[in-house]
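The sequence and the structure are shown first.

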Amino acid sequence: MNHENACGELTLVTGAPANGGSCIAHHEGRVVFVRYALPGERVRARVTADRGSYWHAEVVEVLEPSADRTDSLCPIAGAGGAGCCDLAFVAPAAARDLKAQVVANQLDRLGGHSWSGPAEPLSDAGSTGWRTRVRLDVGSDRRPGFHRYHSDELVTDLRCGQLPSGMLEGLSGADWPVGAHLHVVVDDDGERHVLRTLRQGKRTVSKVTEGNYHAVQRVGARSWRVPVTAFWQSHRDGARVYSELVADWAQPASGATAWDLYGGAGVFAAVLGAAVGESGRVLSVDTARGASGAARAALADLPQVEVVTESVRRALAGQAESAGVAVLDPPRTGAGREVIDLLAAADVPRVVHIGCEAASFARDIGLYRERGYVVEQIRVFDAFPLTHHVECVALLTR
């Protein structure tokens, strides 16, 4: 039987995986979300937060381990360590199964849609060393580090399992300004770029300490020069895989209009522009000036592509004509009701929707379905190995 001792610790048997990287357990009628646990394990866990009807806890000791538990693939992650790799203790194939279960549950609960399928490896790059972009924060000791889970405290051991060998070499010994952020990118030329940013009054001051302000990124035969601080897929194969899938699913006709929403540096605008040809039109919209600038420069040979620095909502509200297809890659919070209402009002018949947070993605799918869209396909990618995060892509039509 579950019990609580005088130290605020519980002995629990864990159940199904929950969104966010925990497993669900129960104690005296209260739900407990347990980090660093696997389904079916008997663990001793310490309560870390009391939310009234539910608690958060983290594993202190595994009493009866799952067969899927393995030695951690990240030397700095785990209870009391960095918050970087919260599933580093799970065999990679089993971690993908957990992620697929979470996505299926969220789609059923929040999207009203039944889905079953795998969480696919994004590529054959493996579960470690896949990340090419990372941000470090500098603490009061002037050393860079990763945050502990939901904490301002930093772990200054930089051996995160997501990072390729040597990516952060030489950075831990430098004397950085307190409160600075270090943006580190290894680009597609293999060059490392390090940009330090520091808030000074109302201004953010940037300084390149290694490499350049722009990193070279490639998808197919096309190159981008992207600011180190701008968004680009963190997985080395992400931009290529998603670009190929968008090209396959979007299928705009020659001469058609396509919308690339939350378009960033214009990776999807490139494939849409090639598909519609010079007689067509692609509108790519993003709020980030750095990303929009990279898109304009990289796609200058495609006059059919218009890049607009604006909110998606305002840009769509100003469109006099509809599109044959829309591709959306919104932030973690999702596209939301207003944007999906605008797509439905414009009667866009084909949508490719990408989401990097399972609950937000599921809520957006539910909004589409309420407006008459049918889910044709969903693919889920294990785009962030060693973590609970996934990338979901849906094709919707009406």
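Over the face of which residue does R35 lie, at 5.1 Å from the ring centre? The residue is Y36. The model considered here is predicted, and every value below is computed from it.

## Charge over aromatic rings

R35 is placed over the face of Y36, with 5.1 Å to the ring centre. R35 also lies over the face of Y149, and here the distance to the ring centre is 3.5 Å.

## Aromatic pairs

Six aromatic pairs are found when the whole structure is searched. One of them joins W224 and W232 in a tilted arrangement, with 5.6 Å from centre to centre and 55° between the planes.

Y368 and Y373 form an edge-to-face pair, because their ring centres are 5.5 Å apart and their planes stand at 80°. Y368 and Y373 are both buried.

## Helix α6 and its surroundings

Helix α6 spans residues 336-345, and its buried residues are V339, I340, L343 and A344. Viewed down the axis of α6, these buried residues fall within an arc of 140°, so they line one face of the helix. In general, an α-helix has 3.6 residues a turn, so residues three or four places apart point the same way. The exposed residues E338 and A345 are carried on the face of α6 that is turned away from its buried side.

The buried residues of α6 pack against two strands, β16 (257-261) and β19 (325-328), and against two helices, α5 (312-317) and α7 (358-370). After α6 comes D347, which has a positive phi, near 60°.

## The six-stranded sheet

Six strands make up an open sheet with antiparallel pairing, in the order β10-β9-β8-β11-β12-β13. The edges are taken by β10 (154-155) and β13 (203-210); each has a single partner strand, so one side of each is left without a neighbour in the sheet.

Within this sheet, β8 (residues 133-138) and β9 (residues 144-147) are paired in the antiparallel sense over two bridges. V138 has P144 of β9 as its bridge partner.

## Cysteines

How many disulfides does the count give? The count comes to zero disulfides. A disulfide requires cysteine sulfur atoms within 2.5 Å. For C85, the closest cysteine sulfur is that of C74, at 3.7 Å, which is too far for a bond. For C160, the closest cysteine sulfur is that of C85, also at 3.7 Å and again too far for a bond.

C85 counts as buried at 2% relative accessibility, and C160 is buried with a relative accessible area of 7%.

## Residue A25 in strand β3

A25 belongs to strand β3 (residues 22-27). With 0% relative accessibility, A25 counts as buried. Leaving aside residues up to four places away in sequence, A25 touches L12, V13, T14, R30, V31, V32 and V34.

A25 can also be set against a residue elsewhere in the chain. A323 is 298 residues from A25 along the chain, and the C-alpha atoms of the two are separated by 47 Å.

Terms used. Residues are numbered from 1 along each chain as its sequence is written. This is a predicted model: local features need pLDDT of at least 70, side-chain atom pairs count only at pLDDT 80 or more; totals for chains, interfaces and linings use all residues. Side-chain values use heavy atoms; hydrogens and water are left out. Buried means under 20% relative accessible area, exposed over 50%, partly exposed in between (1.4 Å probe, protein chains only). Helices (H or I, at least four residues) and strands (E, at least two) are DSSP runs, numbered from the N terminus. The arc is that of the directions from the helix axis to the C-beta atoms. Contact means heavy atoms within 4.5 Å. Two strands pair if DSSP finds at least two bridges between them. Rings of Phe, Tyr and Trp (its six-membered ring) pair if their centres lie within 6.5 Å; planes under 30 degrees apart count as stacked, over 60 as edge-to-face and the rest as tilted. A charge sits over a ring if NZ of Lys or CZ of Arg is within 6 Å of the ring centre and within 35 degrees of the ring normal.
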